[in-house]
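This report looks at selected local features of one model, going from backbone geometry to strand pairing and then to a helix. Please read it alongside the sequence and the coordinates.

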Amino acid sequence: MCMVIFAPIFAICAFATCGGYYGHLQVKVDCADRRQSNLSININFGYPFRLQEVHFKAPLCDAKREEVIFLDGDFSSAAQFFLTVGVFAFLYSLLATIVYVFYQNKYLKNNRGPLVDFLVTIIFSFMWLVSSCCWAKALSDIKAATNPTQVLLLISACRAQENKCTVTQEPLWSRLNTSAVFGFVNVVLWVGNIWFVFKETGWYKTGQRYPTRSASGKRASEMRQRLYSESSFDQPEESFGPQPSRQDSYSQSKGDFGQQVHKQSSFNQSQVGLSLPHAYLGKPVIYDRENKVASQGPMIFVNEM
């Protein structure tokens, strides 16, 4: 949105300060013969800066006639290119403003509007850069071509030592300098606007929809999966089936113990050697004579080898 607000303003400032420039240079020629002197020679130039077409008349101090002198240089291509880019950028900025304000839904439909805006913004950014550089170089050459010292050297009477030539008024360059500055400001503005236009395109939205997982995200996911698996492993197996009664638990524990003793005795008969003691951990239940539960507590059965 920054382009919508500032781009038309800076575009107008750029091409208005360049296209509306008018320069004036005034020199004075004092001949040794006062009758041939010309105290006011006016040299006017401006856009499109075809200086080879700018001419003025200067006196020939050794004769009663005047010579026609032309300036050097043609800088119209750079100036016209700069002004054309500014005008088209201004028109496109106005069009973009109207679309953003009144046709926002159509602009975002099918992602065509943002894509076209993105490509046009890149093109104008490049055009502003090229035109601003060309215009800055051309402006430097214009200043050199209209330098009062250089202009006085073009006058034949001023090359004679007996004659005196002076400059009474020099052109002002502040307006053209401002146009060059506005050109580079537009470069910064349009290049910076590329990012904001890119965020409206489907390319940026697709990247945000499927972001890449960082290393820290992967580690966090693995940690959550590991904690989940450990919590699932620690759940007691009794929760997955019907709970047996206490009497059945007692009978089952006695049968398991008998099986363990039978297996252990058979192992001792077939195997000769030193082995470690075998321990069996269980949940013993102590019953009284009436087959009721008296107490519960941990019990360890150890079979010594």
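## The loop between β2 and β3

Phe49 lies in the loop that runs between β2 and β3. The model is a predicted one, and in it the phi angle of Phe49 is near 65 degrees, a positive value in a residue other than glycine. Most residues other than glycine have a negative phi, and most peptide bonds are trans. Is Phe49 buried or exposed? Phe49 counts as buried because its relative accessibility is 0%, where the cut-off for buried is under 20%.

Pro48 also has its place in this loop, with β2 covering 38–46 and β3 covering 55–60. The peptide bond that joins Tyr47 and Pro48 is cis, with omega at about 10 degrees.

## Strand β1 and its partner

Strand β1, made up of residues 22–30, is mostly covered, since seven of its nine residues are buried. β1 pairs with strand β5 (residues 164–169) in the antiparallel sense, and the pairing extends over five bridges. Within these two strands, Asp30 stands opposite Lys164, the latter being in β5.

## Asn186 in helix α6

Helix α6 spans residues 174–198 and includes Asn186. Asn186 has a relative accessible area of 0% and is therefore buried. Which residues is Asn186 in contact with, leaving aside its neighbours within four places in sequence? With those neighbours left aside, the contacts of Asn186 are Ala7, Phe10, Ala11, Ala14 and Trp128.

How values were computed: Residues are numbered from 1 along each chain as its sequence is written. This is a predicted model: local features need pLDDT of at least 70, side-chain atom pairs count only at pLDDT 80 or more; totals for chains, interfaces and linings use all residues. Side-chain values use heavy atoms; hydrogens and water are left out. Buried means under 20% relative accessible area, exposed over 50%, partly exposed in between (1.4 Å probe, protein chains only). Helices (H or I, at least four residues) and strands (E, at least two) are DSSP runs, numbered from the N terminus. Two strands pair if DSSP finds at least two bridges between them. Contact means heavy atoms within 4.5 Å.
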